[in-house]
Amino acid sequence: MNPGPKVVTYMFGNENLPITDTLIVGWVVVLLVIIFARYATRKLSMKPDSAQNAVELLIETIHEQIEPMLPGEGWKFLPFIATIFIYVGVSNLIGLIPIPGNVSPTGDLNTTLGLALMVFLLSNYHGMKEVGLWGYLKGFAEPVIFLLPINVIGELAKPISHSFRLFGNVVGGGIIITLIYQAVPWLIPVPLHAWFDLFVGLIQTLIFGMVAIAYISVAKS
């Protein structure tokens, strides 16, 4: 169970710049991904080793999720979407490692909201780039003008729902499993507990990534 971010220290001693445990683990996730990427791509070959094979399989799988929703632009959006998938996936799963002080960065609303805002800004940017600023803004008044306020509110609500969905599922799922495990530990043995956490983490990663692709696709349509 992740009870929320805890302040570990303050940057430059300024209390307005807290450094939380989720922020530190988030930095660790970034570092681990960079190290693994460097290791897996250090000797690219037509006869790939296991690390290169794993990365190629992951990239192709993510590309296959993008291409049907953004036809012909799968490789263009792959760097951004793959970053979302990999960061959220590792962040969801790293909390399973039983190390004192280790928490899931996605159990912090600041993390999920930051990711959702990046998706929001990128989708709106590409929406404007596709049809022009006026054409994009005019789209909020379609199909009839009196739907303008509802469409604007709906658009502004996207990053909120996007971030709360991941945050709520990660924290809520952890709380429910922990309560069940404490009340009737025999009902959920440790292997099943770990499998459930792994399954939930991967499912939430898929949902967050697919929603990001959908928002970009809708903005460009």
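Select Ile-62 and show its surroundings: Leu-78, Ile-81, Ala-82 and Phe-85 are in contact with Ile-62 (heavy atoms within 4.5 Å), leaving aside residues up to four places away in sequence. The model is a predicted one, in which local features need pLDDT of at least 70 and side-chain atom pairs count only at pLDDT 80 or more, while totals for chains, interfaces and linings use all residues. Residues are numbered from 1 along each chain as its sequence is written, and side-chain values use heavy atoms, with hydrogens and water left out.

Helices (H or I, at least four residues) and strands (E, at least two) are DSSP runs, numbered from the N terminus.

Now colour the nonpolar surface patch made of Val-8, Met-11, Phe-12, Leu-17, Leu-23, Ile-24, Trp-27, Val-28 and Leu-32. Together these residues have about 830 Å² of accessible area (Shrake-Rupley method, 1.4 Å probe, with only the protein chains shown as cover for residues). Patch residues have over 30% relative accessible area and no salt bridge, and nonpolar side chains (Val, Leu, Ile, Met, Phe, Trp, Tyr) are joined within 5 Å. A salt bridge is a side-chain nitrogen of Lys or Arg within 4 Å of a carboxyl oxygen of Asp or Glu. The largest share of the patch, five residues, belongs to α1.

Phe-12 counts as exposed because its relative accessibility is 76%. Its phi is positive, about 55 degrees, although Phe-12 is not a glycine.

Then display the segment 21-40, one of the spans annotated as "transmembrane region" in an unreviewed UniProt entry. This span is 100% helix and 0% strand, with its end C-alpha atoms 28 Å apart.

Finally, go to Pro-143, in the loop between α5 (133-138) and α6. The peptide bond from Glu-142 to Pro-143 is cis, with omega near 0 degrees.

Technical notes: UniProt positions renumbered as here; feature names shortened; annotations may be inferred. Patch = residues over 30% accessible without salt bridge, like charges linked within 9 Å, V, L, I, M, F, W, Y side chains within 5 Å. Buried < 20%, exposed > 50% of the residue type's maximum accessible area, 1.4 Å probe, protein only.
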